[in-house]
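Please read the following report alongside the sequence and the 3D structure.

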Amino acid sequence: MDTITTTNTTMRNVSGIPLTAREAVSGLLSSISLTCWMFLLLPQLIENYRYGSANGVSLAFLLVLLVGDFANLIGSMSAQLVPMIIAIGVYICIADGVLVCQCFYYNVRNARRRRRSSRRLSNDDDDDDDDDEPPTSTTPLLSRRQISDDLGSRRRRSSASLKDHQGHASLVEVEDTLAKIVQESNSGRSAWVKNLLSVLVICVIGSAGWTMAWQTGVWTPTPADHGGGTARVPSSQILGYFSAVCYLGARLPQIYKNYLEKSCEGLSLLFFVLALAGNLTYAAGLLFHSSDQEYLITILPWVIGALGTVAEDVVIFVQFRLYAPDLSNDKAIIGC
């Protein structure tokens, strides 16, 4: 057999490297956390693509988060945390960078479109003002008649256009309402069920990935006599606490934005569900690695940052519930 049990709590892989139960749980949780972060980016990217906009996301939230992630990565490397934690830090920085670039792209593109649209409307208004200039006493009689005819026909066209626009607006409103009702299965209780199932699938993937990595020797446990596998460096502690402050402060602009707009439209619920799962498993993976006092003091800022953001994610979940669209009113509109 590739795996043999030497004691009740120690196992070995094909390379003969011993693995304690505590280290196994730490590696398993860290692998699940890494898998959560790998899939974390996709829901919000898809949500922004669907809307063709990133207005639902606070740029301050993303930028502060990105700064915190870089500080977290540099600090974890200085503190010589376990390799899986450093790998998570590298991937998070890449993922945040991609999301920030997408948000900037949509904001710049939509701002240009709004400027072009406003210029066209302004030019059209100027043309209408010139064409609609009333005849004066010096205007030739034939020209007056032509101007009167043009004004009358333009008024008839404007009236017909207004009716068409009102009809189109009503149709769009009904279609939007129908779309909301069709998407009712994507909100409320069913959305939470789907998201929880997604987290379970990610847990299975992370567990399978860690098992394969350990069995093949790609992942190896840190030696037990290595003081928890960390080096307590003042600079790493400073960076760790700085990243914790960034993490705790990053979500505040998003929470405030949701509160002002009384809406979470444009935000992906699964994005925050995966963030919560990733932070919980991240902190648990660190704590399970060792109970050495020096190690626990070293990892304290990373645990504070992870668990603190979990509390703030709970606030955002409450906002998703409070600001959810009232589909019962939409159904009543359709029934009228």
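## Leucine 286 and its contacts

Leaving out residues up to four places away in sequence, leucine 286 touches Leu81, Ile85, Tyr295, Ile299, Trp302 and Val303. Contact here means heavy atoms within 4.5 Å.

This is a predicted model, in which local features need pLDDT of at least 70 and side-chain atom pairs count only at pLDDT 80 or more, while totals for chains, interfaces and linings use all residues. Residues are numbered from 1 along each chain as its sequence is written, and side-chain values use heavy atoms, with hydrogens and water left out.

## The nonpolar core

Leu286, Phe61 and Phe272 are the residues with the most contacts inside the largest nonpolar core, which has 61 residues. A nonpolar core is a set of buried Ala, Val, Leu, Ile, Met, Phe, Trp, Tyr and Cys residues joined through side-chain atoms within 4.5 Å. Buried means under 20% relative accessible area, exposed means over 50%, and partly exposed is in between (1.4 Å probe, protein chains only).

At least two residues of this core come from each of H1 (21-51), H2 (59-78), H3 (83-131), H5 (189-215), H6 (234-261), H7 (269-289) and H8 (293-322). The most come from H7, which gives 12 residues. In H7, 17 of the 21 residues are buried, so this helix is largely enclosed by the rest of the structure.

## The chain as a whole

The protein chain has 9 helices and 3 strands. Both are DSSP runs numbered from the N terminus: helices are H or I with at least four residues, and strands are E with at least two. Their order from the N terminus is β-β-β-α-α-α-α-α-α-α-α-α.

Of the 336 residues in the protein chain, 39% are buried. Among contacts with a separation of 6 or more, 82% are between residues 24 or more positions apart.

The axes of H6 and H8 come within 8 Å and cross at roughly 5°. Axes are lines fitted to C-alpha atoms, for helices over the stretch in contact, and angles run from 0 to 180 degrees between N-to-C directions. H6 and H8 are therefore roughly parallel to each other, a term for angles under 35 degrees. The residues of their contact divide into 14 nonpolar, 9 polar and 3 charged. Ala, Val, Leu, Ile, Met, Phe, Trp, Tyr, Cys and Pro count as nonpolar, Asp, Glu, Lys and Arg as charged, and the others, Gly among them, as polar.

## Residues in and after H6

Arginine 251 lies in helix H6 and is buried, with a relative accessible area of 4%. Beyond its neighbours within four places in sequence, arginine 251 is in contact with residues including Phe61, Asn279, Glu312 and Asp313. Its C-alpha atom is separated by 8.8 Å from that of serine 58, 193 residues apart along the chain.

Lysine 262 follows H6 and sits in the loop between H6 and H7. Its phi is near 50°, a positive value in a residue other than glycine. Lysine 262 is partly exposed, with a relative accessible area of 44%.

Note on methods. Parallel < 35°, antiparallel > 145°, perpendicular 65-115°, else oblique.
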